[in-house]
Amino acid sequence: MAAHRAKRAGDVQLRVADAITKFAGSMVFVYLHAVGFLVWMLFVEANPWPMLTLIVSLEAIFLSTFVMIGQNRQAEFQQAKADHDFVEQELELRTNTELTRAIHAMTTELHRRLLAEPGRD
């Protein structure tokens, strides 16, 4: 997981996408847009809808792209984590199997020795 974080931090494009996505998912973003749209509608244009619609549509296209970039990276991270977890679980299963076999061998040997003791009825 550390390698994944290091790779992400090392790529300037991914850091920019992270920053934009983080900002776009904040209430500050919502407040700035509400104020900006209000100012635009009241003071900038008498008929604000055509230009405002174009701007909002373009912004939505770019923001959805940043969200998809984030989702793709999250899926990559989840896959790497799942692969790591699988390897760890396989190792644990192998260790448990070896321990179970060793316990079985010791129990069998102990049982054999106890039954072979002289003087036992």
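What percentage of the 121 residues in the chain is buried? In this predicted model, buried residues account for 7% of the chain.

The overall dimensions of the chain were examined next. The radius of gyration is 31 Å, whereas a compact globule of 121 residues would have a value near 14 Å. Along the principal axes, the C-alpha atoms occupy a box of roughly 110 × 30 × 20 Å.

The secondary structure consists of four helices, with zero strands, and the order along the sequence is α-α-α-α. Of the contacts between residues at least 6 apart in sequence, 56% link residues at least 24 apart.

Helix 2 comprises 13 residues, spanning residues 12–24. From the first C-alpha to the last, helix 2 extends 18 Å, close to the 18 Å expected at 1.5 Å a residue. The N-terminal end of helix 2 is capped by Asp-11, a side-chain oxygen of which is placed 3.0 Å from the backbone nitrogen of Gln-13.

Helix 4 covers residues 49–116 and includes Arg-73. Arg-73 is classed as buried because its relative accessibility is 9%, which falls under the 20% cut-off. The side chain of Arg-73 forms a polar contact of 2.3 Å with the side chain of Asp-18.

Definitions and conventions. Residues numbered from 1 in each chain as written. Predicted model: local features only at pLDDT ≥ 70, side-chain atom pairs only at ≥ 80, totals over all residues. Heavy atoms only, no water. Helix = DSSP H or I, 4+ residues; strand = E, 2+ residues; numbered from the N terminus. Buried < 20%, exposed > 50% of the residue type's maximum accessible area, 1.4 Å probe, protein only. Polar contact = N/O pair within 3.5 Å; in protein donor to acceptor, adjacent residues only side chain to side chain. Expected span 1.5 Å × (residues − 1). Rg over C-alpha atoms; globule rule 2.2 N^0.38 Å. Contact = heavy atoms within 4.5 Å.
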